[in-house]
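This report describes a predicted model. Please read it alongside the sequence and the coordinates.

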Amino acid sequence: MWVPNLENIKQVATKAGLDDIAVTGVEPLVEARAAIEERKRQGLHAGMNFTYGNPERATDPALLFEGAQSILVAVRRYKPPSVDEPQTSNPGTKVRLESPKGLVAAYVCSDEYGMLRQGLTAVANYLEGFGARTEVVMDDNRLADRAVAARAGLGWLGRNTMLLHPQLGSWTVIGSVVTDAPIQGQSENPHDGCGTCRRCSTDCPTGAIDEFGVLDANKCLAWLLQAKGTFPRRYRTALGDRLYGCDDCQVLCPINDEAMNASGTALPKDSKVDIVALLDSSDEELMKQFGHWYIPRRRPEYLRRNALIVLGNSRSHDDLEVDRVLENCLMASEPLVRSHAVWAALRLGKKHLIGPDVVGSLVEHDPDGIVRAELEEWGILLDLDSQ
Ligand code: SF4
Ligand code: SF4
């Protein structure tokens, strides 16, 4: 098989919208495996699956298919969202300008993974033209993508656990083309450019990054928004208006400032979702609008859970529309929604929405006692018991 060189492949990749590409072999990612297993042992993964599900497989690229020899790893920079105001991710719904909004992380503001896949497929097709076998692997539990990208020389793994590309920063999505073609390439592995900086550690709203490159998912807002069950009470205020994802440890990273300044590209601006409109939507409407997000168990109640925390953190004390959606959520069939509606209502000082007549129906059909527990936290059941 005649094998194209990396320079030819780079030209194909650039034309296909990829911002950088490099090559590495399929040898096991030994350090990454040890790190994943250690974090798992310490419980820092907080139930995350991803590469934690099967660290051995995720760090042994040779298992992807028999005969695999090379991995072409590519990055694509996020497309900065539009700067037009107001910008909402739930078009077609009635949006009031003053209504509370929830922030959405930059990487979901456009179909970055779809565009990444297109670019990788163009590279794969090019290689197949020479008779090579290929497989596109992206956003896939079978490959620790940041570790393989770092080994290919695309950047270093920063304190914030992200791949930091010296020119592009961390606003990138990563994907690979695994092939049986023996692609040669020289990569210079950039040295750790974090130096003495600790900004992502010190400014993370929940202190989720302590040790260099170690994220405690139990505290990370981005993960907690995707995790099952009730949202931990101690982090609800810190969540602020984040509805999906958290970009803080990238926004404040000086490497990203330099990368964006150098490229002349504006920092991504989060898209916003109208919270009242979201809480007014049916299950079907929610899955149609947000079904491309990671939603625990594919259950829309988790979108409502997260939206209710954003609502509780808003300053919408005098908004009658907010009262209306809260009243609806307090009558929801799902205890998860009712318990977070209790939190939101009381955080907004709307105790009048949870009168004695409402409390009785709130604690009905509450098999895990989560609504009762929320009411107890606010002393509501005690109030009633003493009447
Ligand atoms: S995503 Fe947000 S909460 Fe998670 S580590 Fe980064 S700054 Fe902290
Ligand atoms: S904020 Fe500082 S320490 Fe954190 S990843 Fe960026 S450069 Fe590294």
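## Basis

Residues are numbered from 1 along each chain as its sequence is written, while chains are lettered from A and ligands numbered from 1 in the order in which they are written. The model is predicted, with local features needing pLDDT of at least 70, side-chain atom pairs counting only at pLDDT 80 or more, and totals for chains, interfaces and linings using all residues; side-chain values use heavy atoms, with hydrogens and water left out.

## Overall make-up

The protein has 18 helices and nine strands, taken as DSSP runs numbered from the N terminus (helices H or I, at least four residues; strands E, at least two). Of its 387 residues, 52% are buried, that is, under 20% relative accessible area with a 1.4 Å probe and protein chains only.

Contacts are heavy atoms within 4.5 Å. Among those between residues at least 6 apart in sequence, 76% join residues at least 24 apart.

## Cavities

Two cavities of 30 Å³ or more are present. A cavity is a set of points on a 1 Å grid over the protein atoms alone where a 1.4 Å probe fits but cannot get out, and lining residues have an atom within 4 Å of a point. Grid points are joined across faces, edges and corners, and the volume is the space filled by probe spheres set on the points. The largest cavity has a volume of about 40 Å³. Its lining consists of Leu225, Leu243, Tyr244, Trp293, Tyr294, Ile295, Pro296, Leu303 and Asn306, with β8 (242–244) and α13 (301–313) each supplying at least two residues. By class, this lining has eight nonpolar, one polar and no charged residues; Ala, Val, Leu, Ile, Met, Phe, Trp, Tyr, Cys and Pro count as nonpolar, Asp, Glu, Lys and Arg as charged, and the others, Gly among them, as polar.

The second largest cavity holds about 40 Å³ of space. Val137, Met138, Asp139, Asp140, Leu143, Asp145, Ile174, Gly175 and Ser176 line this cavity. β4 (134–138) and β7 (172–179) each give at least two residues to the lining, and β7 gives the most, with three. Four nonpolar, two polar and three charged residues make up the lining.

## Ligand shells

A shell residue has a heavy atom within 4 Å of the ligand. Around ligand 1 the residues include Cys204, Cys220, Cys246 and Cys249, along with Asp248. By class, nine residues of this shell are nonpolar, one is polar and one is charged.

Around ligand 2 lie Arg159, Asn160, Leu164, Cys194, Cys197, Arg199, Cys200, Cys253, Pro254 and Ile255. α6 (199–203) and α10 (254–263) are the elements that give two or more residues to this shell. The shell has seven nonpolar, one polar and two charged residues.

## Helix α14

Helix α14 (residues 320–330) has Val322, Asp323, Val325, Leu326, Cys329 and Leu330 as its buried residues. An α-helix has 3.6 residues a turn, so residues three or four places apart point the same way. The cover over the buried residues of α14 includes α11 (275–280), α13, α15 (335–347) and α16 (356–362). At the start of α14, a side-chain oxygen of Asp319 comes within 2.9 Å of the backbone nitrogen of Glu321.

## Ser170

Where does Ser170 lie? Ser170 is in the loop between β6 (163–164) and β7. Ser170 is buried, with a relative accessible area of 1%. Leaving out residues up to four places away in sequence, Ser170 touches Tyr78, Met162, Leu163, Leu164, Gln250 and Asn256.

Note on methods
On a 1 Å grid over the protein atoms alone, a cavity is a set of points where a 1.4 Å probe fits but cannot get out, and a pocket is an open set with protein on both sides within 12 Å along at least five of seven lines; lining residues have an atom within 4 Å of a point. Buried means under 20% relative accessible area, exposed over 50%, partly exposed in between (1.4 Å probe, protein chains only). A polar contact is a pair of N or O atoms within 3.5 Å; within protein, one must be able to donate a hydrogen and the other to accept it, and residues adjacent in sequence count only if both atoms are side-chain atoms.
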